[in-house]
Amino acid sequence: MRAVRLVQSGRPLELQEVAVPEVGPDELLVRVKAAGICHSDAHYRAGKSRVHSLPLTLGHEVAGVVEKAGPAVRGFAPGGRVCLHYLATCGECSYCQQGSEQFCASAAMIGKHRDGGYAEFIVMPARSAFGLPQEIPFGQGAILMCSSATALHALNKARLQPGESVAVFGVGGLGFSAVQLAKALGAAEVFAVDIKPGKLKKVEDFGAVPINAADCEPVQQIRRLTGSRGVDVALELIGLPLTMQQAVRSLAIKGRAALAGITDKTFEIAPYGEILNKEAEIIGVSDHLASELPRLIEWARRGKLDLSNVVTRTVPLEADAINQTLDGLERFGEDVRVVVTP
Ligand SMILES: [Zn+2]
Ligand SMILES: [Zn+2]
């Protein structure tokens, strides 16, 4: 089968011909119908985040059709539409048992630790697969599995309550979902901060108050718009020290800043004024939970989460097309989400 793979860090991905993977007793072979191209993939290609061993097929946002089910699999049959939680876990350790499987010592992420979805087929334990209702197109099912799921996890970690206000820093794939999910969870006001007018226009259509950080100082603007109170929840979804600092500085008393953007750089904060005095919290967000996916799939099915504007483009399973999309992500371009359709 064809697979677009990272062969060497810092080099463009390459199209390779590889064997169709073998299916274990409790595994599914899935024919990939859509695989989202994520900002993390640009980090893997650049060597900024480490992948397991090379060559490796990237792509961790996958939806498709069951081609073959192992003999021990129950609940899935060939022809079934599925989307895949991106972690293959042991299912038995204490973290797996308590539903925090992202900390499972043997967790292997597709497209990072094991072969991912930029291919014609992928193999995955059946317990990582979720039925994808007919109403949700494959492209949207794929991106539900990363950006939407992580946005929901960030809001859950930040303990968003109905009636609270939210600021979302960064309107990419995560931010677009975060705005809608915050509304679905009952947020009274959602401010969306970015520097791209096109992206801000899109989230405005979903009821967010756009703040263009290229034209103003976003923290001052949030304070002005909230009667100097600040927001109850701030999400940082970009991974820049400046926006992390802004997220914390925009908090109200007892506010919670959830940081989901990835960076290895440090950021400065004045502890007394910004944290202690307000009893504010800074919360780390790592991935998301399989247990959060059914709710997300149901919201997407009912249109409470509308991803039709999020998939801005599809590309074929070709190295050039995927590399160019990754180049665009590195430049923080206007595309919200691009999906590979093999
Ligand atoms: Zn992703
Ligand atoms: Zn485990």
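Start with strand 1 (residues 2-6) and strand 2: 4 bridges join them, and they run antiparallel. Strands here are DSSP runs (E, at least two residues), helices are runs of H or I with at least four residues, and both are numbered from the N terminus. Two strands pair if DSSP finds at least two bridges between them.

A word on conventions before moving on. This is a predicted model, in which local features need pLDDT of at least 70 and side-chain atom pairs count only at pLDDT 80 or more, while totals for chains, interfaces and linings use all residues. Residues are numbered from 1 along each chain as its sequence is written, chains are lettered from A and ligands numbered from 1 in the order in which they are written, and side-chain values use heavy atoms, with hydrogens and water left out.

**Stop 1: the sheet around strand 1**

Stay on strand 1 and select R2. Its bridge partner in strand 2 is E17. Now pick A3, which stands opposite Q16 in strand 2. Turn to strand 4: 2 bridges join it to strand 1, again antiparallel. Here L6 has L56 as its bridge partner.

Strands of a sheet pair through backbone hydrogen bonds, either parallel or antiparallel. Colour by accessibility next. Strand 1 is mostly covered, with 4 of its 5 residues buried. Buried means under 20% relative accessible area, exposed over 50%, and partly exposed in between (1.4 Å probe, protein chains only).

**Stop 2: a cis peptide**

Select L54 and P55. A cis peptide bond joins them, with omega about -5 degrees. P55 is in the loop between helix 1 and strand 4. Most residues other than glycine have a negative phi, and most peptide bonds are trans.

**Stop 3: zinc, ligand 1**

Which atoms coordinate the zinc ion (ligand 1)? Select C38 (SG), H60 (NE2), E61 (OE) and C146 (SG), at 2.0 to 2.4 Å. Donors are N, O and S atoms within 2.8 Å of the metal (3.2 Å for Na, K and Ca); water is not among the atoms, so sites may look incomplete. Along the chain, the donors of this ion follow the spacing C-x21-H-E-x84-C.

Why is the arrangement around the zinc ion (ligand 1) tetrahedral? Its 4 donor atoms subtend angles of 90 to 128 degrees. Four donors count as tetrahedral if all angles lie between 85 and 135 degrees.

R337 belongs to strand 18 (residues 337-340). At 4% relative accessibility, R337 is buried.

**Stop 4: zinc, ligand 2**

Jump to the zinc ion (ligand 2). Its protein donors are C90 (SG), C93 (SG), C96 (SG) and C104 (SG), lying 2.3 Å from it. Their spacing in sequence is C-x2-C-x2-C-x7-C. The 4 donor atoms subtend angles of 106 to 114 degrees, so this arrangement is tetrahedral. Is C93 buried or partly exposed? C93 is partly exposed, at a relative accessible area of 22%. C96 is buried, at 13%.

**Stop 5: rings**

Select F176 and F206. Their ring centres lie 5.3 Å apart and their planes are at 80 degrees, so the pair is edge-to-face. Rings of Phe, Tyr and Trp (its six-membered ring) pair if their centres lie within 6.5 Å; planes under 30 degrees apart count as stacked, over 60 as edge-to-face and the rest as tilted. F176 is buried, at 2% relative accessible area. F206 is partly exposed, at 21%.

Conventions: Tetrahedral: all angles 85-135°; square planar, octahedral: opposite > 155°, others 65-115°.
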